[in-house]
Each structure stands twice: as structure tokens, then as C-alpha cells.
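This report describes the predicted model shown below.

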Amino acid sequence: MPHSNCKSMAAGLLITAALFLTGCQALNPEPETSLYQQLGEREGIADVVEDLLYLIVEDERINHQFKGMDVAQFHRNLTDQLCELSGGPCTYTGRKMRELHADMAITNTQFNALAENLILAMEDNDIPTGAQNRLIKQLLPLYPDIRNL
Ligand code: HEM
């Protein structure tokens, strides 16, 4: 086969591959709704955090840790943090996670208890399971900075 034929065949293959890939992307588009939207934007997240606060107060595994905290500040900062982590237009302005939780001797069980309550709060607000899991996944990298026992 002449050299130039080979070249045009290769180019043809590339174009076919490109068309194929574009076609695949059209069949499997990125999720239309961002995690932030699935959580109901900042207002929806604020509702979840409010319910989380009620669940924390009732949870004997962790409520003693939260005695005396500034509830309004906690609500605002955690809402901003979850908003930012889910891709929303918010900026968390609170203290660093490690600094905040350093003296709390937080155990694995307590960390999991908080995550469990967050899931329950999302459940109460009809957040789809996929979105719940995606938010928890965003929180996992914070684990080494929060858990310290
Ligand atoms: C995914 C896990 C967690 C996240 C994302 C998280 C996030 C936060 C954020 C954003 C704040 C700042 C709120 C403020 O400025 O007042 C905060 C404060 C606090 N967190 Fe966590 N936290 C987590 C786990 C825990 C656990 C497991 C405990 C204890 C059992 C805990 C206890 C506290 C307490 C007591 C404060 C208030 C500190 C203060 O007012 O000085 N956190 N947390």
C-alpha cells in the first residue's frame, strides 16, 4: 500500500474514533444536575443542617461534645462548608477543620455517628440517595483532620 494511502487511512480512523467518542459522550452526558442543585441549593442545605443539629442534640454518642457551642455560627459555617463542597457559590470562612476539632478527642464511632445523622437529615429532606453518597464522599478527605483518637 502506498505511503500516502496509509496516512489517509490513519486520518480516517482518527476521525471515526473522534466521532465515536463524541457520540458516546452524547449518549452518556455528565449528570445534568450538580450535587449542589440536588441538595436544594443553599436553602436546602441550610434545612439539612438544621435537622442535623436536632439529631445531634438527641444523640447520646456525641451531644456532650457540642455543649455550649454557638448554634447560629455552627449552622452558618457548616451550611457554607457543605455548599462549597457540593460545588455551590459559597465560601467557608470558619476555622480550619484540624484546628477546630483538635481538642475534642473525636473517636471513629463519633465521626461515624455524625455522618449517620447527616444521612438521616438528608433522608428527612428527600435528598436522593445518590446525592447523599456524593456529599459523604466529599467529606471523607476531611476525616484525618477531624478524627483524632
Ligand atoms: C464530617 C464530619 C464533620 C464536619 C464536616 C464538621 C464540620 C464542622 C464545622 C464546619 C464546624 C465549624 C462551625 C463553627 O464555626 O462553629 C465544626 C465545629 C464543631 N464540630 Fe465538627 N465537623 C465534623 C465532625 C465532628 C464530630 C464527629 C464532632 C464531635 C463528635 C464535631 C464537633 C464539633 C464541635 C463541638 C464544633 C464547635 C466548635 C466550636 O464552636 O468551637 N464535629 N465542625
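H101 itself belongs to helix α5, residues 97-101.

The model is predicted: local features need pLDDT of at least 70, side-chain atom pairs count only at pLDDT 80 or more, and totals for chains, interfaces and linings use all residues. Residues are numbered from 1 along each chain as its sequence is written, and side-chain values use heavy atoms, with hydrogens and water left out.

The chain contains eight helices and zero strands, where helices (H or I, at least four residues) and strands (E, at least two) are DSSP runs numbered from the N terminus. Along the sequence this gives the pattern α-α-α-α-α-α-α-α. Of the 149 residues in the chain, 30% are buried; buried means under 20% relative accessible area, exposed over 50%, and partly exposed in between (1.4 Å probe, protein chains only). Among contacts between residues at least 6 apart in sequence, 73% join residues at least 24 apart, a contact being heavy atoms within 4.5 Å.

## Core

A nonpolar core is a set of buried Ala, Val, Leu, Ile, Met, Phe, Trp, Tyr and Cys residues joined through side-chain atoms within 4.5 Å. The largest one has 28 residues, and those touching the most other members are L39, I45, L82, L118, M122 and L135. Two or more residues each come from α2 (35-38), α3 (41-58), α4 (71-85), α6 (108-124) and α7 (129-139). The largest share, six residues, is supplied by α3.

M122 has contacts with L39, V48, I127, Q132, L135 and I136, leaving aside neighbours within four places in sequence.

## Helix packing

Two helix pairs involve α6. Axes are lines fitted to C-alpha atoms, for helices over the stretch in contact, and angles run from 0 to 180 degrees between N-to-C directions. Angles under 35 degrees count as roughly parallel, over 145 as roughly antiparallel, 65 to 115 as roughly perpendicular and the rest as oblique.

The axes of α3 and α6 are 8 Å apart, at an angle of about 130°, and the two helices are therefore oblique to each other. Their crossing is right-handed; a crossing is right-handed if the near helix is turned clockwise from the far one by less than a right angle, and left-handed if anticlockwise. On the α3 side the contact is made by V48, D51, L52, L55 and I56, and on the α6 side by L114, N117, L118, L120, A121, M122 and D124.

For α6 and α7, the axes come within 10 Å and cross at roughly 150°. This pair is therefore roughly antiparallel, and the crossing of α6 and α7 is right-handed. Here A115, L118, I119, M122 and E123 of α6 meet Q132, L135, I136 and L139 of α7.

## Single residues

| Residue | Relative accessible area | Class |
|---|---|---|
| Q132 | 3% | buried |
| N117 | 4% | buried |
| G88 | 13% | buried |
| A105 | 36% | partly exposed |
| E41 | 39% | partly exposed |

Q132 sits in helix α7. Not counting residues up to four places away in sequence, Q132 touches I119, M122, E123 and I127. N117 is placed in helix α6 and, leaving aside neighbours within four places in sequence, is in contact with L52, L55, I56, D59 and I62.

G88 is in the loop between α4 and α5, and touches Y36 and C83, not counting residues up to four places away in sequence.

E41, in helix α3, has a positive phi of about 55° although it is not a glycine. A105 also has a positive phi, of about 50°, and is not a glycine; A105 lies in the loop between α5 and α6.
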